[in-house]
Amino acid sequence: MDTIRLEDVKNYVGQEVRIGAWLRNKRGSGKLQFLQLRDGTAFMQAVVVKAEVGDEIFAKAKELKQETSMYLVGTIKEDTRSDFGYEMDVNDLVVVGASEGYPITPKEHGTDFLMDHRHLYLRHIQPFAVLRIRNTMIAATYEFFNKEGFIKIDAPFLTGSAPEGTTELFSTEYFETEAYLSQTGQLYAEAGAMAFGKVFTFGPTFRAEKSKTRRHLTEFWMIEPEMAWMDQAASLEVQERYIAYLINAVLERNSYELDLLGRDKELLASYTKLPYPRVSYDEAIKLLQENNFDVEWGVDFGSPEETFLANHFASPVFITNFPKEIKAFYMKRHPTRDDVVISADLLAPEGYGEIIGGSERDTDYEYLAERVKAEGLDMDEYAWYLDLRKYGSVPHSGFGLGLERAVTWITGEEHIREAIPFPRTMTRLRP
Ligand code: ATP
Ligand code: MG
Ligand code: MG
Ligand code: MG
């Protein structure tokens, strides 16, 4: 007999099938046992009736401990009382792997405890739902960029340079010299765009974030598209189409998971309405000041400002043209102002803050060489990057989306550590 996955039992109503599952919980009496099961694709209840299975199988069912793995043979029935909609009437039960003293009991546990047991906690409802949605967003990312004519190139994770500033840099011994863990693949993506037109990188990114916020990990995954022959306006359109594509994919494929998390699907659907508002940094500062924020022109936004701005528009919102001083050296100068650069951050509503940062890139060799020097960066490390401006430089734009930021927002989680299988933060390196 084939083993059926729980997500497929809907196709077997009234039939006898075999499933392979783990026990989450059970309750019952001397005559009846209700087994709460999971198999990684869904959660379902199975019912063991002593009068039907006989003493021996019933005794086995009564002995089962949390996380015991087993094969169950039984008949699938509709069950309108459960969210899942189906249950199994068990005819036979074979234990595969015993389990004793599983530490994560159905009672409440603190966050540290759950994170210390992350290797086991992955089996529970919340990580199940969040990480399956994350998987959809990864698949949808490849779909979207492939459809739009991008090719994926991979940037190295070991580098000799630090384009996002040296304060958040991890370094490691590299034979006779020192290497850094990549903070962004962007400069490499630019080389890729000059070679292939439209490219994206998608890989782990490392930043020694010393602040303990609910939005920062020290290791996160970033998607960095880079597009030759495209200005910033065109890039913003790609960005909003991409976000809408991600949300639609999750709404279509993860309805069950969104329900498990209690996420408001109508609210999510409202974020697929395009275009998103474009608000200049100047206007944003004014708006914040009018609403009693103590901010001066020139500061970068923190969480309170980002939360206010996106909630104000009840939509993801692009904040455009940031001050040059708070942005990376490669961002394109504004044509009529020398204090701002052609950049935009996409802020998500509901307090999730910056999801995307992007810009048009400056194309001028002399200007960029000066900026590299002014930032105190090592010219030798950037010579290859500046080369891109020497041989057929063209207008180009790009952006970076933090996967876990987007997952946290779309799943409605409170903390970014939930959005990655094994989170890394200042205080967490294991499991
Ligand atoms: P923030 O202002 O929130 O610190 P940033 O401006 O430093 O972010 P960028 O360098 O613009 O970040 O990186 C692009 C994207 O990567 C961000 O918009 C965000 O989605 C994500 N990101 C940045 N830092 C982190 C981090 N430490 N953990 C998770 N995601 C991050
Ligand atoms: Mg940062
Ligand atoms: Mg930022
Ligand atoms: Mg940014």
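Which strand gives the most residues to the shell around ligand 1? S16 does, with four residues. The model is predicted; local features need pLDDT of at least 70, side-chain atom pairs count only at pLDDT 80 or more, and totals for chains, interfaces and linings use all residues. Residues are numbered from 1 along each chain as its sequence is written, while chains are lettered from A and ligands numbered from 1 in the order in which they are written. Helices (H or I, at least four residues) and strands (E, at least two) are DSSP runs, numbered from the N terminus.

The shell around ligand 1 holds 18 residues, of which His-216, Phe-220, Gly-357, Gly-400 and Gly-402 come nearest. A residue counts as near if its C-beta atom, placed from the backbone, lies within 6 Å of the molecule. Strand S12 (219–228), strand S16 (353–360), strand S17 (396–402) and H14 each give two or more residues. By class, the shell has seven nonpolar, four polar and seven charged residues. Here Ala, Val, Leu, Ile, Met, Phe, Trp, Tyr, Cys and Pro count as nonpolar, Asp, Glu, Lys and Arg as charged, and the others, Gly among them, as polar.

S12, S16 and S17 belong to an open sheet of eight strands. The order is S7-S11-S12-S17-S16-S15-S14-S13, with mixed pairing. Two strands pair if DSSP finds at least two bridges between them. S7 (151–152) and S13 (278–280) stand at the edges with a single partner strand each, so one side of each lacks a neighbour in the sheet. S16 and S17 run antiparallel and are joined by five bridges. Gly-357 stands opposite Gly-400 in S17.

Helix H5 (residues 125–147) packs with helix H14 (residues 403–411): their axes come within 10 Å and cross at roughly 125°. H5 is therefore oblique to H14. Axes are lines fitted to C-alpha atoms, for helices over the stretch in contact, and angles run from 0 to 180 degrees between N-to-C directions. Angles under 35 degrees count as roughly parallel, over 145 as roughly antiparallel, 65 to 115 as roughly perpendicular and the rest as oblique. Val-130, Ile-133, Arg-134 and Met-137 of H5 meet Leu-403, Ala-406, Val-407, Ile-410 and Thr-411 of H14. Contact requires C-beta atoms, placed from the backbone, within 7 Å. Seven of these residues are nonpolar, one is polar and one is charged.

Elsewhere, strand S5 (residues 69–78) runs antiparallel to strand S2 (residues 16–28), over seven bridges.

Conventions
Two residues are in contact if their C-beta atoms, placed from the backbone, lie within 7 Å.
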